[in-house]
Amino acid sequence: RDRKEFEKLVRAAEMHAVKAGVAMARHQAEAGDLEGALQTATQLRMHFASAPNATEINRLVDDLVKLVQRLDKEAAADQAELAKALVDLNKNKEVLRRKTEALGQLQKGRAAAEKSEKARDKGNVTRARKNAEYAHESFQKARRNLGRLRRILPRGSELRQDILGRLVELDKAQFQLLYDMAYFLWQERIYSHAETWAARASYIDPVHPDLMDLREELVSSRIRYRLSDMTNARGVVR
């Protein structure tokens, strides 16, 4: 029995490692670090090929290959677009539009995140979740626009450095929102929803110590919750 329990724990650890590694690789790819993403995928395939959820690694590799192929096809178009932007960067309509949209969405996201925080302080699950969803959606819209700007702006330009700084700020704000919601829902014992928010947070920082601790607590809480269902009847000792 101890051996079976140990093997079960090993499989669970492998599955968690695969999920965290896949999330990290996808986040690296989204941030533009394809080389790092491919290295992470290679290490996952090397060490966890026999994991119960190893198919996630295969899907990751397939997606990264497709992404590389797509980026290669887009390279010529991006270079032409970049050359045009360099002529008069300050007057480039797309740059101005995307930056304005990104900053607007960041502001909306922060405002909604504050409302969610106030609702959490009052223990209002519905209002906290509603505002957090709106904040998360706004942050995602801002991320798409900032990511596009990072790609088309010339390296070393002052505006590109500003965009990179905005992305760092966005990572921090969005991670905090997602983690706080996961922690709040865990405290409220809404475990399935808490895991959803924790998974979202892992796409930004899968190895954050607080998040890793919380995910362990979620696993333990769900186990205790299920055991309580099975042991709800009052025992009789004779």
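Biologist: How do α5 and α6 run relative to each other, roughly parallel or roughly antiparallel?

Modeller: Keep in mind that this is a predicted model. The two helices, α5 and α6, pack with their axes 10 Å apart and at an angle of about 160°. Angles over 145 degrees count as roughly antiparallel, so α5 and α6 are roughly antiparallel.

Biologist: And which kinds of residues make up the contact of α5 with α6?

Modeller: The crossing of this pair, α5 and α6, is left-handed. Sorting the residues of that contact gives six charged, four polar and 18 nonpolar.

Biologist: What about α5 and α7, roughly parallel or roughly antiparallel?

Modeller: Here the axes of α5 (residues 125-152) and α7 (residues 191-202) come within 13 Å and cross at roughly 20°. Angles under 35 degrees count as roughly parallel, so α5 and α7 are roughly parallel.

Biologist: Which residues in α7 does α5 meet?

Modeller: α5 passes α7 in a left-handed crossing. On the α5 side you'll find R129, A132, E133 and H136, and they meet H193, W197 and R200.

Biologist: What distance should the 30 residues of α6 span?

Modeller: α6 covers residues 158-187, and its end C-alpha atoms sit 44 Å apart.

Biologist: Which residue caps the N-terminal end of α5?

Modeller: Look for a side-chain oxygen 3.4 Å from the backbone nitrogen of T126.

Methods
Residues are numbered from 1 along each chain as its sequence is written. This is a predicted model: local features need pLDDT of at least 70, side-chain atom pairs count only at pLDDT 80 or more; totals for chains, interfaces and linings use all residues. Side-chain values use heavy atoms; hydrogens and water are left out. Axes are lines fitted to C-alpha atoms, for helices over the stretch in contact, and angles run from 0 to 180 degrees between N-to-C directions. Helices (H or I, at least four residues) and strands (E, at least two) are DSSP runs, numbered from the N terminus. Angles under 35 degrees count as roughly parallel, over 145 as roughly antiparallel, 65 to 115 as roughly perpendicular and the rest as oblique. A crossing is left-handed if the near helix is turned anticlockwise from the far one by less than a right angle, and right-handed if clockwise. Contact means heavy atoms within 4.5 Å. A polar contact is a pair of N or O atoms within 3.5 Å; within protein, one must be able to donate a hydrogen and the other to accept it, and residues adjacent in sequence count only if both atoms are side-chain atoms. The expected span of a helix is 1.5 Å times one less than its number of residues. Ala, Val, Leu, Ile, Met, Phe, Trp, Tyr, Cys and Pro count as nonpolar, Asp, Glu, Lys and Arg as charged, and the others, Gly among them, as polar.
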